[in-house]
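Please open the model in your viewer and keep the selection panel at hand. The tour begins at the ligand, then turns to the domains and ends at a single residue.

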Amino acid sequence: MQNPFYYGGVVSKENFCNRKEEIKQLKRDILSGLNVLIYAPRRFGKTSLALFTLEQLKKEKNFKYIFLDLLGISSKEEFINEYFNALAQSLETPVEKAIKFFKDVLKIRPSIKVIFDETGKTKFQLEFSKNELSQTLKDVLNIPLMYAEKGKKICVVFDEFQEVEFLGIENEMRSQIQLHSNKVSYIFMGSKKSILKRMFLEKKKAFYRSVKHFQIKEIPKRDWIEFIKKKFNKTGKKIDDIYIEKILMITKGFPYYTQQFAYELWELTEDSVKDEIFTRAVKLVLEREEDLFAVEWENLTSNQRKALKIVIEKEGVRLHDEHVLSKYDMKIGSLRKTLLSLLEKDILDRKGNKYYFQDPLFEYWLKTKIY
Ligand SMILES: Nc1ncnc2c1ncn2[C@@H]1O[C@H](COP(=O)(O)OP(=O)(O)OP(=O)(O)O)[C@@H](O)[C@H]1O
Ligand SMILES: [Mg+2]
(Lines give C-alpha, C1' and ligand atoms only; values in the text may rest on other atoms or scores of the structure.)
(Ligands and ions follow the chains in the order given, each with its own letter.)
Protein backbone atom coordinates (compact mmCIF):
# COMPACT_ATOMS: atom_id res chain seq x y z
CA MET A 1 0.00 0.00 0.00
CA GLN A 2 1.22 3.48 -0.77
CA ASN A 3 2.17 5.81 2.03
CA PRO A 4 -0.57 8.48 2.20
CA PHE A 5 1.78 11.21 3.40
CA TYR A 6 4.02 13.28 1.23
CA TYR A 7 6.81 15.74 1.76
CA GLY A 8 9.17 17.41 -0.64
CA GLY A 9 7.50 19.22 -3.50
CA VAL A 10 4.25 21.07 -3.96
CA VAL A 11 1.12 19.45 -2.49
CA SER A 12 -2.47 19.70 -3.69
CA LYS A 13 -5.84 17.99 -3.47
CA GLU A 14 -5.96 15.30 -0.81
CA ASN A 15 -2.41 16.06 0.29
CA PHE A 16 -3.30 19.62 1.12
CA CYS A 17 -4.38 20.32 4.67
CA ASN A 18 -6.62 23.24 5.61
CA ARG A 19 -5.41 26.81 4.95
CA LYS A 20 -9.06 27.62 4.20
CA GLU A 21 -8.88 31.11 5.67
CA GLU A 22 -5.69 31.94 3.80
CA ILE A 23 -7.11 30.66 0.53
CA LYS A 24 -10.25 32.74 0.92
CA GLN A 25 -8.30 35.87 1.70
CA LEU A 26 -5.74 35.32 -0.99
CA LYS A 27 -8.48 34.83 -3.59
CA ARG A 28 -10.06 38.09 -2.56
CA ASP A 29 -6.75 39.95 -2.81
CA ILE A 30 -5.94 38.49 -6.19
CA LEU A 31 -9.34 39.28 -7.65
CA SER A 32 -9.07 42.87 -6.42
CA GLY A 33 -5.79 43.14 -8.29
CA LEU A 34 -3.71 43.69 -5.17
CA ASN A 35 0.00 42.99 -5.02
CA VAL A 36 0.86 40.64 -2.21
CA LEU A 37 4.06 39.66 -0.45
CA ILE A 38 4.14 36.22 1.12
CA TYR A 39 7.13 35.34 3.15
CA ALA A 40 7.46 32.32 5.35
CA PRO A 41 10.32 30.01 6.29
CA ARG A 42 11.61 27.40 3.87
CA ARG A 43 9.34 24.43 3.29
CA PHE A 44 6.42 26.11 4.98
CA GLY A 45 3.98 25.60 2.16
CA LYS A 46 4.14 28.91 0.30
CA THR A 47 4.28 27.49 -3.19
CA SER A 48 1.60 24.94 -2.44
CA LEU A 49 -0.73 27.58 -1.04
CA ALA A 50 -0.29 29.89 -4.01
CA LEU A 51 -0.74 27.19 -6.62
CA PHE A 52 -3.68 25.57 -4.85
CA THR A 53 -5.46 28.93 -4.68
CA LEU A 54 -4.67 29.82 -8.28
CA GLU A 55 -5.82 26.46 -9.59
CA GLN A 56 -9.17 27.07 -7.92
CA LEU A 57 -9.40 30.53 -9.44
CA LYS A 58 -8.47 29.19 -12.83
CA LYS A 59 -11.73 27.31 -12.94
CA GLU A 60 -13.46 30.66 -13.05
CA LYS A 61 -14.04 32.24 -16.40
CA ASN A 62 -11.39 34.50 -17.79
CA PHE A 63 -8.78 33.92 -15.12
CA LYS A 64 -5.18 33.12 -15.97
CA TYR A 65 -2.07 32.94 -13.89
CA ILE A 66 1.61 32.92 -14.63
CA PHE A 67 4.06 31.26 -12.31
CA LEU A 68 7.78 31.96 -12.42
CA ASP A 69 10.33 30.52 -10.03
CA LEU A 70 13.31 32.86 -9.94
CA LEU A 71 15.63 30.42 -8.24
CA GLY A 72 18.32 29.37 -10.65
CA ILE A 73 17.86 32.31 -13.02
CA SER A 74 21.23 33.97 -13.20
CA SER A 75 21.11 36.82 -15.73
CA LYS A 76 18.78 39.45 -17.13
CA GLU A 77 18.69 37.65 -20.49
CA GLU A 78 17.69 34.44 -18.78
CA PHE A 79 15.00 36.21 -16.79
CA ILE A 80 13.53 37.70 -19.97
CA ASN A 81 13.46 34.32 -21.65
CA GLU A 82 12.11 32.35 -18.72
CA TYR A 83 9.44 34.92 -18.00
CA PHE A 84 8.50 35.12 -21.65
CA ASN A 85 8.11 31.35 -21.75
CA ALA A 86 6.01 31.29 -18.61
CA LEU A 87 3.78 33.96 -20.12
CA ALA A 88 3.52 32.20 -23.45
CA GLN A 89 2.68 28.93 -21.79
CA SER A 90 -0.15 30.33 -19.71
CA LEU A 91 -1.56 32.86 -22.10
CA GLU A 92 -1.29 31.49 -25.60
CA THR A 93 -1.09 27.82 -26.26
CA PRO A 94 -0.71 26.97 -29.93
CA VAL A 95 2.86 27.81 -30.92
CA GLU A 96 2.03 29.69 -34.14
CA LYS A 97 -0.59 31.78 -32.45
CA ALA A 98 1.78 32.62 -29.65
CA ILE A 99 4.57 33.64 -32.00
CA LYS A 100 2.28 35.82 -34.03
CA PHE A 101 0.89 37.55 -30.99
CA PHE A 102 4.21 38.17 -29.34
CA LYS A 103 5.78 39.41 -32.55
CA ASP A 104 3.07 42.01 -32.60
CA VAL A 105 3.45 43.11 -28.99
CA LEU A 106 7.21 43.21 -28.64
CA LYS A 107 8.33 46.60 -29.91
CA ILE A 108 11.83 45.73 -30.92
CA ARG A 109 10.64 42.50 -32.53
CA PRO A 110 13.41 40.17 -31.49
CA SER A 111 13.59 36.99 -33.44
CA ILE A 112 11.66 34.30 -31.64
CA LYS A 113 13.07 30.83 -32.13
CA VAL A 114 11.31 27.66 -31.17
CA ILE A 115 13.67 25.22 -29.50
CA PHE A 116 13.40 22.01 -27.53
CA ASP A 117 14.76 21.93 -24.00
CA GLU A 118 16.55 19.01 -22.34
CA THR A 119 13.24 17.36 -21.52
CA GLY A 120 11.99 17.66 -25.08
CA LYS A 121 9.53 20.44 -24.29
CA THR A 122 9.02 23.24 -26.82
CA LYS A 123 10.41 26.53 -25.66
CA PHE A 124 10.72 29.97 -27.13
CA GLN A 125 14.01 31.71 -27.32
CA LEU A 126 14.12 35.46 -27.78
CA GLU A 127 17.17 36.76 -29.51
CA PHE A 128 18.15 40.36 -29.06
CA SER A 129 21.29 42.45 -28.88
CA LYS A 130 22.74 44.10 -25.77
CA ASN A 131 21.23 47.50 -26.60
CA GLU A 132 17.83 45.97 -27.12
CA LEU A 133 17.85 44.31 -23.72
CA SER A 134 16.30 47.09 -21.73
CA GLN A 135 13.42 47.62 -24.19
CA THR A 136 12.79 43.87 -24.46
CA LEU A 137 12.67 43.57 -20.68
CA LYS A 138 10.14 46.39 -20.55
CA ASP A 139 8.00 44.82 -23.27
CA VAL A 140 8.00 41.42 -21.66
CA LEU A 141 7.13 42.90 -18.27
CA ASN A 142 4.15 44.59 -19.89
CA ILE A 143 2.65 41.54 -21.54
CA PRO A 144 0.39 40.73 -18.54
CA LEU A 145 -1.08 44.22 -18.71
CA MET A 146 -2.00 43.80 -22.35
CA TYR A 147 -3.91 40.68 -21.54
CA ALA A 148 -5.59 42.33 -18.61
CA GLU A 149 -6.68 45.12 -20.89
CA LYS A 150 -8.31 42.60 -23.15
CA GLY A 151 -10.57 41.79 -20.22
CA LYS A 152 -8.77 38.90 -18.57
CA LYS A 153 -8.07 38.63 -14.85
CA ILE A 154 -4.37 38.00 -14.54
CA CYS A 155 -2.18 37.04 -11.61
CA VAL A 156 1.58 36.73 -11.80
CA VAL A 157 3.52 34.82 -9.15
CA PHE A 158 7.22 35.41 -8.69
CA ASP A 159 8.46 32.63 -6.45
CA GLU A 160 11.79 33.06 -4.62
CA PHE A 161 11.50 36.73 -5.43
CA GLN A 162 14.53 37.72 -3.33
CA GLU A 163 16.62 36.58 -6.30
CA VAL A 164 15.82 39.74 -8.30
CA GLU A 165 18.24 41.58 -6.06
CA PHE A 166 21.06 39.62 -7.65
CA LEU A 167 19.67 40.07 -11.14
CA GLY A 168 19.63 43.84 -10.83
CA ILE A 169 16.18 44.30 -12.35
CA GLU A 170 14.36 45.67 -9.32
CA ASN A 171 13.99 49.18 -10.66
CA GLU A 172 12.78 48.20 -14.11
CA MET A 173 10.36 45.73 -12.61
CA ARG A 174 8.89 48.15 -10.15
CA SER A 175 8.49 50.92 -12.67
CA GLN A 176 6.53 48.72 -15.07
CA ILE A 177 4.58 46.81 -12.48
CA GLN A 178 3.32 49.91 -10.75
CA LEU A 179 1.64 50.94 -13.99
CA HIS A 180 -0.42 47.75 -13.84
CA SER A 181 -1.99 48.93 -10.58
CA ASN A 182 -5.19 47.02 -9.95
CA LYS A 183 -5.40 45.42 -13.38
CA VAL A 184 -2.86 42.68 -12.73
CA SER A 185 -2.25 41.09 -9.35
CA TYR A 186 1.31 40.18 -8.40
CA ILE A 187 2.34 37.72 -5.74
CA PHE A 188 5.91 37.99 -4.53
CA MET A 189 7.03 35.00 -2.52
CA GLY A 190 10.17 33.90 -0.81
CA SER A 191 11.76 32.47 2.26
CA LYS A 192 14.59 34.89 2.89
CA LYS A 193 12.78 37.13 5.27
CA SER A 194 15.72 39.43 5.89
CA ILE A 195 16.23 40.16 2.20
CA LEU A 196 12.52 40.53 1.44
CA LYS A 197 12.05 42.86 4.38
CA ARG A 198 14.83 45.02 3.08
CA MET A 199 13.35 45.02 -0.41
CA PHE A 200 9.87 46.00 0.68
CA LEU A 201 10.46 48.04 3.81
CA GLU A 202 13.49 50.18 3.10
CA LYS A 203 12.65 53.60 1.79
CA LYS A 204 15.30 53.74 -0.86
CA LYS A 205 14.40 50.39 -2.38
CA ALA A 206 12.30 50.11 -5.54
CA PHE A 207 9.52 48.05 -4.01
CA TYR A 208 9.15 50.12 -0.85
CA ARG A 209 5.62 49.84 0.51
CA SER A 210 4.17 48.57 -2.72
CA VAL A 211 2.49 45.45 -1.41
CA LYS A 212 0.18 43.93 1.11
CA HIS A 213 1.96 41.61 3.52
CA PHE A 214 0.26 38.28 3.60
CA GLN A 215 0.87 36.15 6.65
CA ILE A 216 0.74 32.40 6.59
CA LYS A 217 0.74 30.66 9.89
CA GLU A 218 1.37 27.13 11.02
CA ILE A 219 -1.52 24.79 10.25
CA PRO A 220 -3.58 24.49 13.48
CA LYS A 221 -3.47 21.42 15.66
CA ARG A 222 -7.07 20.30 15.17
CA ASP A 223 -6.67 20.32 11.39
CA TRP A 224 -3.54 18.23 11.55
CA ILE A 225 -5.23 15.77 13.89
CA GLU A 226 -8.09 15.30 11.47
CA PHE A 227 -5.81 15.14 8.44
CA ILE A 228 -3.40 12.58 9.89
CA LYS A 229 -6.08 10.42 11.52
CA LYS A 230 -8.10 10.20 8.35
CA LYS A 231 -5.13 9.07 6.32
CA PHE A 232 -4.22 6.41 8.86
CA ASN A 233 -7.79 5.15 9.06
CA LYS A 234 -8.26 5.07 5.31
CA THR A 235 -5.25 2.83 4.96
CA GLY A 236 -6.33 0.49 7.73
CA LYS A 237 -3.99 1.75 10.45
CA LYS A 238 -4.62 3.48 13.75
CA ILE A 239 -3.05 6.44 15.49
CA ASP A 240 -4.11 7.93 18.84
CA ASP A 241 -4.40 11.70 19.18
CA ILE A 242 -1.64 11.68 21.76
CA TYR A 243 0.94 10.71 19.14
CA ILE A 244 -0.21 13.40 16.77
CA GLU A 245 0.10 15.88 19.60
CA LYS A 246 3.60 14.63 20.26
CA ILE A 247 4.52 15.14 16.63
CA LEU A 248 3.15 18.66 16.77
CA MET A 249 5.10 19.45 19.91
CA ILE A 250 8.25 18.82 17.92
CA THR A 251 7.20 20.29 14.58
CA LYS A 252 5.01 23.09 15.95
CA GLY A 253 2.68 22.53 13.03
CA PHE A 254 5.40 23.22 10.49
CA PRO A 255 3.96 21.50 7.39
CA TYR A 256 6.98 19.80 5.89
CA TYR A 257 8.17 18.20 9.11
CA THR A 258 4.67 17.23 10.18
CA GLN A 259 4.18 15.34 6.94
CA GLN A 260 7.64 13.83 7.24
CA PHE A 261 6.92 12.54 10.75
CA ALA A 262 3.56 11.18 9.74
CA TYR A 263 5.19 9.51 6.75
CA GLU A 264 7.81 7.74 8.84
CA LEU A 265 5.30 6.77 11.51
CA TRP A 266 2.96 5.30 8.95
CA GLU A 267 5.83 3.41 7.35
CA LEU A 268 6.91 1.84 10.65
CA THR A 269 3.41 1.02 11.84
CA GLU A 270 1.73 -2.26 11.10
CA ASP A 271 -1.65 -1.70 12.69
CA SER A 272 -1.41 0.93 15.40
CA VAL A 273 1.20 3.43 16.58
CA LYS A 274 2.96 2.59 19.83
CA ASP A 275 5.56 4.35 21.99
CA GLU A 276 8.42 2.32 20.68
CA ILE A 277 7.46 3.05 17.07
CA PHE A 278 7.14 6.72 17.81
CA THR A 279 10.65 6.85 19.28
CA ARG A 280 12.01 5.15 16.20
CA ALA A 281 10.27 7.61 13.93
CA VAL A 282 11.76 10.57 15.80
CA LYS A 283 15.19 9.05 15.49
CA LEU A 284 14.74 8.45 11.78
CA VAL A 285 13.60 11.98 11.04
CA LEU A 286 16.48 13.45 13.01
CA GLU A 287 18.95 11.20 11.24
CA ARG A 288 17.67 12.35 7.85
CA GLU A 289 18.17 16.01 8.73
CA GLU A 290 21.26 15.62 10.88
CA ASP A 291 23.89 16.38 8.23
CA LEU A 292 22.25 19.64 7.27
CA PHE A 293 21.87 20.75 10.87
CA ALA A 294 25.44 19.82 11.70
CA VAL A 295 26.74 21.96 8.84
CA GLU A 296 24.51 24.82 9.90
CA TRP A 297 25.84 24.54 13.45
CA GLU A 298 29.46 24.33 12.36
CA ASN A 299 29.07 27.48 10.32
CA LEU A 300 28.07 29.52 13.35
CA THR A 301 30.45 31.59 15.44
CA SER A 302 30.90 30.67 19.06
CA ASN A 303 28.83 33.67 20.13
CA GLN A 304 26.04 32.64 17.79
CA ARG A 305 26.06 29.16 19.29
CA LYS A 306 25.88 30.59 22.78
CA ALA A 307 23.01 32.85 21.79
CA LEU A 308 21.03 29.92 20.40
CA LYS A 309 21.56 27.98 23.60
CA ILE A 310 20.34 30.99 25.53
CA VAL A 311 17.21 31.17 23.36
CA ILE A 312 16.51 27.53 24.14
CA GLU A 313 17.21 27.88 27.84
CA LYS A 314 15.08 30.99 28.25
CA GLU A 315 12.39 29.87 25.79
CA GLY A 316 12.99 32.99 23.78
CA VAL A 317 12.25 35.66 26.36
CA ARG A 318 14.28 37.79 28.82
CA LEU A 319 17.49 36.70 27.18
CA HIS A 320 19.52 39.48 28.70
CA ASP A 321 19.20 38.58 32.34
CA GLU A 322 22.40 38.69 34.34
CA HIS A 323 22.38 35.12 35.46
CA VAL A 324 22.34 33.81 31.89
CA LEU A 325 24.88 36.31 30.66
CA SER A 326 27.33 35.29 33.31
CA LYS A 327 26.65 31.59 32.78
CA TYR A 328 27.53 31.93 29.10
CA ASP A 329 30.17 34.56 29.71
CA MET A 330 28.65 37.07 27.32
CA LYS A 331 28.32 40.84 27.49
CA ILE A 332 24.89 42.31 26.92
CA GLY A 333 26.05 44.32 23.90
CA SER A 334 27.53 41.32 22.17
CA LEU A 335 24.44 39.21 22.82
CA ARG A 336 22.32 41.93 21.21
CA LYS A 337 24.59 42.08 18.20
CA THR A 338 24.67 38.30 17.91
CA LEU A 339 20.88 38.02 18.05
CA LEU A 340 20.64 40.53 15.22
CA SER A 341 23.06 38.50 13.15
CA LEU A 342 20.93 35.39 13.72
CA LEU A 343 17.81 37.23 12.59
CA GLU A 344 19.74 38.40 9.56
CA LYS A 345 20.78 34.82 8.79
CA ASP A 346 17.15 33.69 9.03
CA ILE A 347 17.94 31.27 11.81
CA LEU A 348 15.93 33.11 14.42
CA ASP A 349 12.82 35.17 14.09
CA ARG A 350 11.00 37.38 16.53
CA LYS A 351 7.41 37.90 17.54
CA GLY A 352 7.09 40.84 19.93
CA ASN A 353 9.65 40.21 22.63
CA LYS A 354 9.98 36.53 21.93
CA TYR A 355 12.75 35.02 19.86
CA TYR A 356 12.18 31.67 18.23
CA PHE A 357 13.87 29.31 15.79
CA GLN A 358 12.60 29.56 12.24
CA ASP A 359 13.21 25.86 11.89
CA PRO A 360 11.54 23.92 14.73
CA LEU A 361 13.41 20.73 13.98
CA PHE A 362 16.77 22.47 14.13
CA GLU A 363 15.77 23.62 17.59
CA TYR A 364 14.70 20.13 18.58
CA TRP A 365 17.89 18.62 17.24
CA LEU A 366 19.95 21.15 19.17
CA LYS A 367 18.03 20.35 22.33
CA THR A 368 18.84 16.68 21.93
CA LYS A 369 22.51 17.64 21.58
CA ILE A 370 22.62 19.96 24.57
CA TYR A 371 20.60 17.96 27.03
N1 LIG B 1 -1.36 22.82 3.17
C2 LIG B 1 -0.52 21.78 3.35
N3 LIG B 1 -0.98 20.61 3.82
C4 LIG B 1 -0.17 19.56 4.05
N5 LIG B 1 1.15 19.59 3.82
C6 LIG B 1 1.70 20.73 3.36
C7 LIG B 1 0.89 21.88 3.10
N8 LIG B 1 1.70 22.85 2.64
C9 LIG B 1 2.95 22.33 2.63
N10 LIG B 1 2.96 21.07 3.06
C11 LIG B 1 4.17 20.20 3.23
O12 LIG B 1 5.33 21.00 3.13
C13 LIG B 1 6.12 20.63 2.01
C14 LIG B 1 6.70 21.87 1.35
O15 LIG B 1 5.68 22.63 0.73
P16 LIG B 1 6.02 23.79 -0.33
O17 LIG B 1 7.03 23.32 -1.30
O18 LIG B 1 4.73 24.32 -0.81
O19 LIG B 1 6.69 24.86 0.65
P20 LIG B 1 7.55 26.16 0.30
O21 LIG B 1 7.36 27.08 1.46
O22 LIG B 1 7.21 26.66 -1.04
O23 LIG B 1 9.01 25.54 0.31
P24 LIG B 1 10.39 26.13 -0.28
O25 LIG B 1 10.87 27.13 0.71
O26 LIG B 1 11.29 24.92 -0.33
O27 LIG B 1 10.07 26.70 -1.62
C28 LIG B 1 5.21 19.81 1.13
O29 LIG B 1 5.91 18.83 0.40
C30 LIG B 1 4.28 19.15 2.14
O31 LIG B 1 4.86 18.02 2.70
MG1 LIG C 1 8.45 27.08 -2.68
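Select ligand 1 first, together with the 23 residues that surround it, counting a residue when one of its heavy atoms lies within 4 Å. The closest of these are Gly9, Cys17, Lys46, Thr47 and Ser48. The model is predicted: local features need pLDDT of at least 70, side-chain atom pairs count only at pLDDT 80 or more, and totals for chains, interfaces and linings use all residues. Residues are numbered from 1 along each chain as its sequence is written, chains are lettered from A and ligands numbered from 1 in the order in which they are written, and side-chain values use heavy atoms, with hydrogens and water left out.

Next, display the polar contacts of the ligand, each a pair of N or O atoms within 3.5 Å. At serine 48, a polar side-chain atom is 2.5 Å from an oxygen atom of ligand 1. Taken alone, ligand 1 exposes 630 Å², of which the protein buries 94% (accessible areas by the Shrake-Rupley method with a 1.4 Å probe).

Now colour the shell by element and by class. Two or more residues come from each of α2 (46–58) and α11 (255–268), where helices are DSSP runs of H or I with at least four residues and strands are runs of E with at least two. By class, the shell holds 11 nonpolar, seven polar and five charged residues, with Gly counted as polar.

Select the domains in turn: domain 1 (19–91 + 130–214), domain 2 (221–295) and domain 3 (300–370), with bounds from an automatic or database domain assignment. Domain 1 and domain 2 each give at least three residues to the shell around ligand 1. Their C-alpha centres lie 35 Å apart. Five residues from domain 1 and five from domain 2 form the contact, defined as heavy atoms within 4.5 Å. Between them the two domains bury about 450 Å², 59% of it on carbon and sulfur atoms; this is the accessible area lost on being put together, summed over both.

Finally, centre on aspartate 359, in the loop between β9 (354–357) and α16 (360–370). Which residues does aspartate 359 touch, not counting those up to four places away in sequence? They are Tyr257 and Phe293.

Key
Polar contact = N/O pair within 3.5 Å; in protein donor to acceptor, adjacent residues only side chain to side chain. Buried area = accessible area lost by both parts, 1.4 Å probe.
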